4 protein chains.
Amino acid sequence: MPTLQATLEEAYEAVLPEVGQGALANYIPALARVPKTKLGAAIVTLDGEEARVGDSDEAFSMQSISKVFTLSMALQKVGATLWHRVGREPSGTAFNSIVQLEREHGIPRNPLINAGALVVSDVLLENRGVQETVGAIRDFVAGGLDASAVVVDAEVAASEAETGFRNASLANFLKSFRNLNHPVAAVLEVYFHQCALSLSCKALARADLFLAADGQDPLRGKRIVSPRRARRVNSVMLMCGHYDASGDFAFRVGLPGKSGVGGGILAIVPGRAAIAVWSPCLNEQGNSLAGTALLERIAAQTGWSVF
Amino acid sequence: MPTLQATLEEAYEAVLPEVGQGALANYIPALARVPKTKLGAAIVTLDGEEARVGDSDEAFSMQSISKVFTLSMALQKVGATLWHRVGREPSGTAFNSIVQLEREHGIPRNPLINAGALVVSDVLLENRGVQETVGAIRDFVAGGLDASAVVVDAEVAASEAETGFRNASLANFLKSFRNLNHPVAAVLEVYFHQCALSLSCKALARADLFLAADGQDPLRGKRIVSPRRARRVNSVMLMCGHYDASGDFAFRVGLPGKSGVGGGILAIVPGRAAIAVWSPCLNEQGNSLAGTALLERIAAQTGWSVF
Amino acid sequence: MPTLQATLEEAYEAVLPEVGQGALANYIPALARVPKTKLGAAIVTLDGEEARVGDSDEAFSMQSISKVFTLSMALQKVGATLWHRVGREPSGTAFNSIVQLEREHGIPRNPLINAGALVVSDVLLENRGVQETVGAIRDFVAGGLDASAVVVDAEVAASEAETGFRNASLANFLKSFRNLNHPVAAVLEVYFHQCALSLSCKALARADLFLAADGQDPLRGKRIVSPRRARRVNSVMLMCGHYDASGDFAFRVGLPGKSGVGGGILAIVPGRAAIAVWSPCLNEQGNSLAGTALLERIAAQTGWSVF
Amino acid sequence: MPTLQATLEEAYEAVLPEVGQGALANYIPALARVPKTKLGAAIVTLDGEEARVGDSDEAFSMQSISKVFTLSMALQKVGATLWHRVGREPSGTAFNSIVQLEREHGIPRNPLINAGALVVSDVLLENRGVQETVGAIRDFVAGGLDASAVVVDAEVAASEAETGFRNASLANFLKSFRNLNHPVAAVLEVYFHQCALSLSCKALARADLFLAADGQDPLRGKRIVSPRRARRVNSVMLMCGHYDASGDFAFRVGLPGKSGVGGGILAIVPGRAAIAVWSPCLNEQGNSLAGTALLERIAAQTGWSVF
């Protein structure tokens with residue numbers, strides 16, 4: 001049986017021809033100038049085995065992947081009451097759609113679409129300011145890592161704020177239904193900063209390992225969230241982590257996963273491992289094209305699909 | 001044949017029992033504290049005959065009725081190019097719905113729903129500041145009237161701004177589709193101020209007389225808009241002036257009309273007269289309950305329906 | 001001042017270059033093989049003056065224009081109770097959309113979209129069979145005309161039935177909400193036959209003259225519907241007669257009108273005249289391209305717009 | 001560690017108080033007269049261990065659970081080309097919604113909503129008649145069971161046909177988009193008969209065991225579908241098996257599952273076991289209330305969640 005490193009390398013080689021296909025996110029300059037040829041991946045198992053390949057040490061913009069961490073934090077903070085303010089059903093629409101929100105009176109369908117993530121940011125703002133909240137999110141993600149492994153990219157945060165009219169629209173909409181407790185501007189600032197977090201595949205796989213281990217970081221022996229909540233974050237990820245392509249990702253990869261428009265994807269293998277991949281060019285659904293292909297291949301080789 | 005004044009008085013008496021039914025708009029304090037018992041109406045004919053009844057001299061908040069005047073101004077300013085940025089079809093949805101806007105990529109269905117009126121405000125901002133634009137709107141409405149007949153109610157404008165999250169959502173949404181050229185905050189400020197214009201039935205009927213007279217104010221002999229545009233403003237009013245109850249208004253009253261959440265309604269009798277009614281309690285569709293009843297009765301008595 | 005005939009001829013000449021632009025309805029063979037070059041029009045005034053031009057004597061398939069007549073019949077039959085089963089608001093969607101029907105629990109928005117017309121057909125079936133109902137519709141349309149002026153085109157009716165899956169879907173949907181009292185197959189058979197009625201512009205203008213004259217056929221001196229109902233049919237036509245292009249038709253033509261996919265359009269000039277035009281090629285909204293242009297020109301020349 | 005039988009019994013006792021809460025499906029008489037007090041469950045593991053409790057031997061109406069079997073058959077028959085005609089994304093709407101179908105031009109979102117299941121029925125009709133197709137479905141479900149374990153309930157099938165206007169609407173709608181190859185009536189007949197299949201929890205758990213075992217029936221040693229397809233059926237079930245409550249089921253139970261309006265639910269534990277539960281009263285989402293509670297408890301006790 002091949003080692004994990006060998007399996008990862010083989011998958012990497014097989015996927016290389018697809019790198020650069022698709023298109024870079026271009027709504028902010030910092031994302032539009034990332035070299036299209038990047039591809040990296042990292043796997044960490046529960047017993048600490050690591051495999052890495054390609055640009056696995058290079059930092060990229062976390063974007064929506066941060067939603068998995070803020071969801072974990074919010075559940076830790078307010079528990080199941082979170083579900084009074086946000087659902088946990090797939091949306092059947094694009095990540096930034098406002099249609100469903102009107103039909104369902106300001107309750108976002110799930111915490112991984114933008115509207116739901118804004119509600120989560122609002123929860124995290126409770127009893128602290130914007131700066132402190134952003135710091136807490138950074139620290140939560142950085143958990144067992146070097147202090148320098150996770151940083152806020154100030155240029156990205158500023159660009160998001162300048163161009164984020166759709167998110168501002170969603171936040172004002174939520175506010176009109178009284179589903180934000182803090183000022184719209186504060187919620188948006190937290191949200192734009194969490195999206196601007198930057199880290200490498202190596203750091204990301206390590207950072208989300210607790211979700212593969214029933215909520216406890218196995219390498220630090222530290223409980224992050226309860227077992228039940230870890231499983232539920234995973235279920236929400238599987239159902240909703242790729243917006244309106246979640247069914248396709250479940251079908252092809254078969255693992256709870258969350259993509260970001262920066263080209264990163266994290267995937268959880270419950271009871272076994274955490275995986276992070278990164279390649280900046282996106283497919284039509286807005287998910288990393290080569291990254292998805294790499295995950296599909298890893299899942300096929302390892303038999304790690306949950307199905 | 002009864003005089004216009006007699007007809008109006010008879011209709012007024014018949015409708016009095018309905019005054020106070022329905023509910024006051026309560027989203028801002030200034031509207032919520034208007035006495036529920038108010039009912040007034042004024043008619044001006046093209047040859048200058050006037051009829052008035054009840055609280056026809058008392059000023060009320062113009063709210064959405066202002067959209068008819070800003071639409072006229074925008075057509076005067078940019079002509080038919082306006083229709084590249086806003087449609088002229090009924091919306092089939094509520095006045096502040098955002099659903100249609102997403103489906104039709106940021107082009108509001110018509111200039112009389114909130115989203116469309118925000119685009120119109122943006123057009124009016126071209127080449128001038130917020131203050132100047134608000135002043136120009138006030139002056140346009142005040143046209144042939146005493147300078148004091150039309151004022152901006154500063155408390156209403158401030159309240160609108162404080163609670164206007166849904167409009168802020170719409171404006172940001174339009175901006176995300178690049179259908180606003182000016183900053184969101186400036187467009188909203190113009191919009192909230194135009195809604196806060198205050199005038200009496202007497203003044204309102206006089207102010208919109210040009211729309212009944214092919215675009216020329218017959219009493220001042222001054223052309224306001226071209227004949228063709230006056231007719232088109234009227235057609236947009238008939239189709240879209242009462243949001244998702246426009247069909248009902250056409251069915252019951254049969255005149256181009258525009259309602260405001262302050263309880264006012266203007267109605268145009270092409271070639272004959274302009275009518276303004278006011279009663280602050282609203283029906284379930286958000287239109288003046290007694291005001292609509294009064295217009296229905298006037299239309300029935302006069303035979304002025306366009307059908 | 002030019003005669004009506006001269007006005008019509010001038011408009012005809014001006015529009016001729018547009019004839020053949022657009023596309024034939026092609027969902028059934030009988031419509032797809034009509035010569036693209038046809039253009040005809042007829043006007044009848046309340047005092048019996050007639051003007052005609054082009055192919056005004058040639059019969060064409062009435063299609064959705066029949067809905068105006070069946071609506072008049074249903075109002076005559078059940079009065080205002082009709083409005084418990086069908087609304088009178090513009091739909092904001094395509095003529096055969098089912099979306100709105102689901103959202104509004106089986107109550108069609110208005111009687112001029114397909115779903116609403118199916119409810120109207122169901123009303124007309126009350127207390128009689130399919131054959132008798134179709135005969136009654138034919139006789140109602142033929143009213144003051146030669147018996148041979150209005151016929152059911154059996155080939156068209158059969159084709160409609162064979163290809164009418166969307167209408168069968170709508171009818172079953174209505175039935176699932178208990179908004180049809182008769183069997184789906186019977187309602188569809190009535191509907192397909194009313195759409196297959198065939199008549200000329202000359203006959204059509206004459207047939208709908210009662211709607212321009214407060215419900216009384218002025219040439220026969222016979223009351224068809226009450227004045228109030230005639231006006232209301234006209235208001236529904238203006239609001240809803242061109243589906244999701246009704247606003248545009250009101251804007252450009254300014255008259256109550258109803259189009260059919262066979263290329264015909266009727267227009268009512270309240271208090272003055274009835275107009276029928278026909279040219280089989282359709283614009284993108286499914287309305288006669290040259291026919292609409294001809295009506296726009298007639299309205300501009302005559303000043304007959306209701307606005 | 002408790003035996004499987006002990007675990008199941010404990011869960012059964014805990015859930016008993018919830019039996020009879022909720023409401024029976026009442027759209028057809030045969031379902032409306034099932035005793036509300038029924039509760040049964042059966043588990044079969046890959047190595048043949050069985051646990052059973054309550055009314056596990058009593059036959060109930062399979063209803064939508066049949067969709068999992070017909071999906072497996074269709075994949076076996078036409079392979080991945082199935083996905084040209086039906087998607088695999090959650091729908092975000094009710095099981096029999098037609099809205100999405102219009103927006104996405106006749107391609108149902110997934111094979112487990114009614115519209116998608118109708119397309120699957122159409123696939124199964126290829127090259128054979130209605131009777132033969134229904135027989136083939138029955139035989140597929142009955143696979144390793146006694147011939148008498150799975151029967152078509154003729155009364156249920158007849159009732160479905162009589163009241164199935166919504167399904168008839170969906171089928172006609174699909175046909176209008178040319179996404180059915182066979183006559184609407186034939187497709188509906190197959191569909192109504194597959195829904196009328198009747199079997200016990202004991203039989204059901206045994207019948208779907210192949211899905212827990214990579215597509216091979218472990219007790220018969222017979223391959224039913226390829227490993228890849230078995231996993232994909234499971235992924236579609238997890239994403240879409242409970243319509244617009246799929247996210248909730250994944251969150252609470254964490255297993256691929258499919259419910260039917262007859263009160264049955266099947267759940268797959270990949271690599272371990274198949275579970276069938278039945279209790280006829282439904283929660284607001286139309287899924288068995290006590291059955292869901294029982295599955296939630298079993299999943300919690302066994303730790304079998306895939307997350």
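Modeller: Let us start with a residue pair: B:Gly40 stands opposite B:Gly54, which belongs to E2(B). This is a predicted model, in which local features need pLDDT of at least 70 and side-chain atom pairs count only at pLDDT 80 or more, while totals for chains, interfaces and linings use all residues. Residues are numbered from 1 along each chain as its sequence is written, chains are lettered from A and ligands numbered from 1 in the order in which they are written, and side-chain values use heavy atoms, with hydrogens and water left out.

Colleague: How many bridges join E1 and E2 of chain B, and in which sense do the strands pair?

Modeller: Strand E1 (residues 40-45) and strand E2 (residues 50-54) of chain B pair in the antiparallel sense, over five bridges. Strands here are DSSP runs of E with at least two residues, helices are runs of H or I with at least four, and both are numbered from the N terminus. Two strands pair if DSSP finds at least two bridges between them.

Colleague: And which residue of that hairpin takes a positive phi?

Modeller: B:Gly48 does, near 95 degrees; the hairpin has four residues between its strands.

Colleague: Turning to chain C, what is the strand order in the open sheet?

Modeller: The order is E2-E1-E10-E9-E8, five strands with antiparallel pairing. Strands E2 (50-54) and E8 (257-259) of chain C are at the edges with a single partner strand each, so one side of each has no neighbour in the sheet. Within this sheet, E9 (residues 264-269) and E10 (residues 273-278) of chain C pair over six bridges, and C:Ile268 stands opposite C:Ala274 in E10(C).

Colleague: Now the symmetry: what rotation superposes chain B on chain C?

Modeller: A rotation of 180 degrees with 0.1 Å of shift along its axis does so, at an RMSD of 0.0 Å. The two copies are thus related as by a two-fold rotation axis.

Colleague: Is A:Ser169 buried or exposed?

Modeller: A:Ser169, in helix H8 (residues 165-176) of chain A, is buried, with a relative accessible area of 0%. Buried means under 20%, exposed over 50% and partly exposed in between, with a 1.4 Å probe and protein chains only.

Colleague: What does A:Ser169 touch?

Modeller: Leaving aside residues up to four places away in sequence, A:Ser169 touches A:Ile98, B:Ile98, B:Ser169, B:Asn172 and B:Phe173, where contact means heavy atoms within 4.5 Å. A polar atom of the A:Ser169 side chain lies 2.7 Å from the backbone oxygen of B:Ser169.

Definitions and conventions
Copies are superposed by least squares on the C-alpha atoms of residues with pLDDT of at least 70 in both. A polar contact is a pair of N or O atoms within 3.5 Å; within protein, one must be able to donate a hydrogen and the other to accept it, and residues adjacent in sequence count only if both atoms are side-chain atoms.
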